[in-house]
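I opened the notebook today with a simple plan: pick a few spots in this chain and write down what turns up.

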Amino acid sequence: MDFFNAQIKARRNTRWLVLWFALAVCVIILVIYLGVILLVVPQAHFSGIGVTAMGTRMEDMAYKVAQTDFTSWARFLNWEYLIWTTLLVGGTIAGASLWKIFQLSRMGGALIASELGGRLLARATTVAAERRLLNVVDEMSIAAGIPTPKVFVLDAEKSLNAFAAGTGPTNNVVAVTSGLLNRCDRDQLQGVIGHEIGHIVSGDARLNLRLFGVLFGILFLTSIGRALLRGKSRGRSSSKAQGVAILLGMILVVVGSIGVFFGKIIKAAISREREYLADAFSVQFTRNPNGLAGALRMMGGFGTRLEHPRAEEASHLFFGEGVRRFPLFSGLFATHPPIEKRIARIENIPLAKVRESAVRAARAAKGAAEQPGGSGSNFLDIGLDAPAQLAYAQAFIADLPTEPGTDVHTPKGALAAVYALLFAETEAAETQKKQLAIITATYDSTLAKNVCDCAAWLTQRGPRSRLPLLDLALPVLGGFTDEEKRRCMQCANALVRADGRISLLELAQVHILKSALGLPRKRHGLQMERLATDVSCLLALLAHAGNPNDDAAVQTAYLHALKLTSFADVPFPERSKLSPETIDRALDRIAQAMPRFRQRFLSACVAAVQHDGKITLAESELLRAFTQSLDCPAPPLLPDAP
């Protein structure tokens, strides 16, 4: 899946989103303005055309309007009322959207999951179905080369559905309904999670979150109206006050239905085709189309509709259609392709054959409505026919330490894992003593002991376990407070400087940690000359990582990679210029460049890594540091086994 082309397409979709949003706001303002003119403005202002609804019969109003020539409708234009209506209504919609976007920027997809009644799944859970879900999410995340997202369960939803949302590769959530959790077997669950991870890798999760924030404004009026109507029977207000609330609620729902209409069109236009791409991603990584197709058949039988009153706002996020559609407009407003078409594409079979099987699945679902547990498969079974990356992820997770101090899914275990990655690279006993003293002074001696235990486990597992362990630890650290994040980063910086130098592996580790913790980035001006120097420094660093003792091979790899960029004649930089500060500034600047530029740069990085036909540990981790700094997920290039 081409992440950068997906980003470019997402930018194009975002422009259409803004245009549709502006059109929706204009229509809502126009409708409210006309309502104000007809109901509020004095009749005399329009010389008999306008209406004071309280004093004019409907028959007289219709007659006057019918007798008026077309040009006289211009008298409906009252600039004062139009400006005030625009400011009040447009300001309310824009304010609601900006507030929601601000909330989402701070809390990410976790906010949506919580608003839909989601429960954050505890890593220490002992429930078999929940443990299975966590294992599947971890496996697919490691295989895809992204930090593991947080996992939520929508306990009140008995249908089969799921969604993914987030602001970037290190800040995502995956949520599933209780129906999906309890009814699907492992292969089916893996297919659904693979689909959602595909949305994260392609950048869809971020676009979906942006879409959610923007659409919140034009759906805001309807949400208020529905809340007033739902609450009409609650409280101890007088009957008159309740009547006013009901009337106001009905007006807001009617006016807000314009926003709902445009919102449905926007979500359908942007969401539909991306579902096919996410299905393809799931099949690509699991190599098991039957799992995903089986999950879709289950959904066709048990249903995908959510009961939560705010499901419409998030309908474009879900794996399947999350709300009921009227048959007449189902094709226009559908945010997802029909389940039958998705199955036909996955299994490459005629649509008619899929529809026959769908009928049987629906009958089976009806008979099994009171029998939770899916097909009864073992929650601890292992998916079959997985490719190398997924198979490695499954074996890695099965071998993880589970002791309280070294369990990477806990805050203390995550800290121990990250510091062990730095500690394990040091062979000098004197430096290790300094590092343990730093950890003890910053935290305590218990964490220092846990770091030693985790480092021993890493040494036993080998270098290929470094990045997967980091992928599991980073989301836990991302939940720290700002003070805890600064403390974590300060300790990491002190550890890598304990021996007076910084290796390439330590440089990569610190940069990945800094990006994952979301610490502030400096903004730099973009100049092509400066970018040329940045690109040359980073490519030279990768060339050195792959051929540390062969200057000729370093030059060859550098020149080979440089040809793929726009700077084919930039001289090879001196080794002394490749300082950590220089690398940080270079990555910060390139991260601000356009997607096409970053695409060419990362293509050149991959060419430098693969030029000699082998992948070293330093190359693998540096490349991950580069991709994560550029906010681009990338499946891991696992280092060659020693």
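Predicted model: local features only at pLDDT ≥ 70, side-chain atom pairs only at ≥ 80, totals over all residues.

My entries below cover a sheet, the helices packed on it, and then one glutamine.

I looked up how the strands are arranged and found 4 of them in an open sheet, with mixed pairing and the order β1-β2-β4-β3. At the edges I noted β1 (118–120) and β3 (162–168), each of which pairs on one side only.

**Entry 2, β3 and its partner.** Next I followed β3 to β4 (residues 171–177) and found the two running antiparallel, joined by 6 bridges. Which residue in β4 stands opposite F163? I found A175 there.

Helix α7 (residues 186–201) does, touching β3 and β4, and its direction makes about 25° with that of β3. Helix α8 (residues 204–230) also packs on the sheet and touches β3 and β4, but its direction makes about 90° with that of β3.

I moved on to helix α20 (residues 504–516), where Q509 is found. Is Q509 buried or exposed? I put it down as buried, because its relative accessibility is 1% and the cut-off for buried is under 20%. Then I listed its contacts, leaving aside neighbours within four places in sequence: V418, L421, L422, R466, L470 and E621.

Technical notes
Residues numbered from 1 in each chain as written. Heavy atoms only, no water. Buried < 20%, exposed > 50% of the residue type's maximum accessible area, 1.4 Å probe, protein only. Contact = heavy atoms within 4.5 Å. Pairing = 2+ DSSP bridges. Axes fitted to C-alpha atoms, helices over the stretch in contact; angles between N-to-C directions.
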